[in-house]
Amino acid sequence: MRAKTVIKQSVKVLSLFIAVIISACVLQEFVLCNADHNRERIKGFDLENKNSLDVVFMGASEVYSDLAPGYAYKNYGYTSYLYASQASSIMSYKFQLQELLKKQNPKLIVIELNSAVYANDDNVTKEENVRNYVDNTHLSFEKVDFVNSYTDKNRVEFFFPIIKYHDAWKSLGENMGMISTIAANRFRGYNYLKGMMNQTVIFHSSQRTMNEFLADANDKKPLTELSEQKLRELLQFCKDNNLKNVVFARFPHIVVRRTYDRCERSNMVEQIVSEYGFDYLNFEKNDEGISIDYNNDFYNLDHFNVYGQKKFTDYISRYIRDKYGVTGSTLSDSLKKEWETASDYYDAYYNYSDALIRENKQKELDESIVNNPEFKQYIKES
Amino acid sequence: MKKFFAITLAALILTSSAALAGCGSSGDSKTSTTTAAQSSEAKSDNSSKNTPASDGAFSESDLVAKINGKDIELGENIDSALAKLGEAKNVTSELSCRGEGEDKTYEYDGFNVYTVPFDGVDKVTAITITSGISTPKGISIGDTEAKVVEKYGSGFKKIGKFISYSIDDKSLQFFMKDDKVTEIDYNYDVM
């Protein structure tokens, strides 16, 4: 009788303990977290069917503003995802690539390396930049390794982000749009925009642009010591794992005097990348085939608006098809349907953005826009 | 089944309470963790740093613009610069390329001032002069390359049509057209 009571009590305590853990996990996953566009994008990548992507683009904001997977699928047939976070740091690229390879084995992985050409280490080591990616990944041995190499303080906050974001409930109201978007994606099993985010602006540089000089600009400026170290670690990882499907890239930017030095550091990146036997596709320097209108196609110095995004997606799609033979794969009916839907949402996204730009209404458009009634009017089902 | 729901509900309340309980003590959750990398790389030894021209003609003092008799430095807080320059004719902004905040352009007659946010503080990262203002060494729009070299020395680099003098991450450039200075730029490489 006594043993029975002890067992009963133990079961109760264990049940409570398990329920607490489950509740904490649910809260950490959906509520007590930094529910922003980075989280939506990284979590969205995890939702993609295993080994279903033909191409994965990895990097910082250039990646999610400059490319349109829905458009690429419709016009070139390949499936792709923008596995990127804002101001991402070269510090975490090896870890990010490890995570990518757990889920996908694409025909091509294009890693944009703007994060290696920062002028100083502020952006490289800045915790917020690192967290934009790392906080949205699951606990794993690779994550533990990364965090241990990155910091010796507050490591537990990286492993259990609920500790850091425990007071996120205070901004629950303002984050509710993104929280519900992330939850809806999880329920649906995929996101619509495949990581895309853009601004409805046409940027006009008031500083003289230097893009016309770049083709002949071959001087090299060294990277910061830390950036070079992390870049070399990434390249060595690719080499050690015999990753034949990885190429590195620099996407186009409006170059003015105050951003020109990045071009010389990019030339240095090209040299380092080639030392390890990988390709470096410098689309900033070799932009002649993209037909960029530098007065119309950007929303700021570093990012295409939807007009430039479409041109660059066209260009890079043809480029990787011709150079690396990347074409679409045969998809199951359900995946085909998913990608056709993504393509419809891209069309809506483009048309809505175009309308806002014409009306001179500046807006940041990420996945949460799909719940906007105004946006919904642009969606045409396949 | 009822017990299971009761336990789950209790757990949810407990977890939420535990989460909320930490709020008062921890203050701002945005901690400023110093990373291992930061401690060893607080100041990166960027070997790209240039040295002043060997003839000594170009020095750090040449990287300070003098506008309407006031010194404006690269890296200066915009509030301080605005106090000297007065109100701009026009201010434009766009989402910053550094992540949070906005890059801004302050337009004046004959020159523009550009800022970039650093942890919430806008700092001057570029000044472009297009008319009416000379450098402290007397170079103004319309001067020749020979005069620029005479004043600032031969330790320059040509980038396209720019003649560029730099020290560390700051530089002074002259945009040349038909052997005439058509624009003078002070720039701080922070991107």
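I began with pairing: two strands pair if DSSP finds at least two bridges between them, and strands (E, at least two residues) and helices (H or I, at least four) are DSSP runs numbered from the N terminus. With that in hand I looked up strand 6 (residues 121–129) and strand 10 (residues 180–188) of chain B, which pair in the antiparallel sense over four bridges, and I noted that B:Ile129 has B:Ile184 as its bridge partner in strand 10 of chain B.

I wrote down what I was looking at: this is a predicted model, in which local features need pLDDT of at least 70 and side-chain atom pairs count only at pLDDT 80 or more, while totals for chains, interfaces and linings use all residues. Residues are numbered from 1 along each chain as its sequence is written, and chains are lettered from A and ligands numbered from 1 in the order in which they are written.

**The sheet of chain B**

I followed the open sheet of eight strands in chain B, whose order is 3-4-5-6-10-9-8-7 with antiparallel pairing. Strand 3 (90–95) and strand 7 (157–159) of chain B stand at its edges with a single partner strand each, so one side of each has no neighbour in the sheet. The twist averages 25 degrees from one strand to the next. For angles, axes are lines fitted to C-alpha atoms, for helices over the stretch in contact, and the angles run from 0 to 180 degrees between N-to-C directions; two residues are in contact if their C-beta atoms, placed from the backbone, lie within 7 Å. Helix 5 (residues 145–152) of chain B lies across strand 8, strand 9 and strand 10 of chain B, at about 10 degrees to strand 8, and helix 12 (residues 257–275) of chain A runs at about 70 degrees to strand 10 of chain B.

**The sheet of chain A**

I then turned to the open sheet of five strands in chain A, which has the order 2-1-3-5-6 with parallel pairing, and found strand 2 and strand 6 (280–282) at its edges. Five bridges join strand 1 (residues 55–59) of chain A to strand 2 of chain A, where A:Tyr83 is the bridge partner of A:Met58.

Is strand 2 of chain A mostly covered or uncovered? I found five of its five residues (80–84) buried, a residue being buried if 20 or more other C-beta atoms lie within 10 Å of its own, exposed if 12 or fewer, and partly exposed in between, with C-beta atoms placed from the backbone. A:Ser80, A:Leu82 and A:Ala84 point one way from this strand, and A:Tyr81 and A:Tyr83 the other way. In a regular strand the side chains alternate between the two faces of the sheet.

Why does A:Gly189 count as exposed? I noted that A:Gly189 has 11 C-beta neighbours inside 10 Å, and therefore counts as exposed; A:Gly189 lies in the loop between helix 10 (172–188) and strand 4 (198–199) of chain A.
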